[in-house]
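Open the model in your viewer and keep the sequence panel beside it. The tour goes from the whole chain to single side chains.

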Amino acid sequence: MHGAYGKETINLSKKEAFMATITLSKFDRFVAEMAVREGKFHRVNEDKLPRQGVVCACPDCDQVKDYGDHLHSKGMERRQHVGVAGGPITLAYNSPAASLDKVFADFVAYLLTNAGYPLLAKLVKPFAIAVGKPIRADVFGFLQIYIGLAKKQINDIPLMPHIPCALAHRYDINLVQQLQFTITAKRQLKYLFKNVKVACLVHIDWGDGRKETWKFSTLDLLEWIEDNRAVFAEAKTRLAE
């Protein structure tokens, strides 16, 4: 394919091209359908959304227009979009995606392979993961949110993970974990920034043309997850791909 700065060839292996090939996993679909069926995901109503917000969501090019248009249609007309790939799952202190170590290693391997050194790319990748560990997506995310809050005078923060998510896939984070990390991120934001309101939503691309945005209650969802740990464990084993 043509690069942005010329006609250099960019060769990506199937593993390296994960950003463009992710589909909804059977387990994530199972959890999402169960959450909808049991009333843990709620429709987003106009009276539940503020007019403006610092939206922390994954900037996935295949999804951002859908969830942006949806939020706008529900009354959130002024939006400051922040967040790296993965959105709120990169904010939680206990999320593996808070560090961009694996993505950095993928990037280094990609550069070396493209330069004609595929063997060297494989050899240095473990070291690149260690070098990339201090690259903190969470710190960058919090700084972006701060700019939106302080410079744009906005006090509402919608957090929106989504499925399928390429970054979540890279770090082996399923939907249950995404929801947990989003709730952790909410608690961190409430601690860091006083007098802010944080809403938790989730965007789902079902893969059949349907794309939906749902809202969930943090306490209710955490209790639901805890009550269904055995169910999720069994489903994860049964639906392993």
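The stops below start with the whole chain and end at the cysteines.

This is a predicted model, in which local features need pLDDT of at least 70 and side-chain atom pairs count only at pLDDT 80 or more, while totals for chains, interfaces and linings use all residues. Residues are numbered from 1 along each chain as its sequence is written, and side-chain values use heavy atoms, with hydrogens and water left out.

**Whole chain.** Along the principal axes, the C-alpha atoms fill a box of roughly 55 × 50 × 35 Å.

**Burial.** Next, colour by relative accessible area. Of the 241 residues, 47% count as buried; buried means under 20% relative accessible area, exposed over 50%, and partly exposed in between, with a 1.4 Å probe and protein chains only.

**Cysteines.** How many disulfides does a search of the whole structure find? The search finds 0, a disulfide being a pair of cysteine sulfur atoms within 2.5 Å. Cys 165 is in no disulfide, and its nearest cysteine sulfur, in Cys 58, is 4.5 Å away. Cys 165 is buried, because its relative accessibility is 4%. Move to Cys 61: its closest cysteine sulfur is also that of Cys 58, at 9.3 Å, which is too far for a bond. Cys 61 is exposed, with a relative accessible area of 67%.
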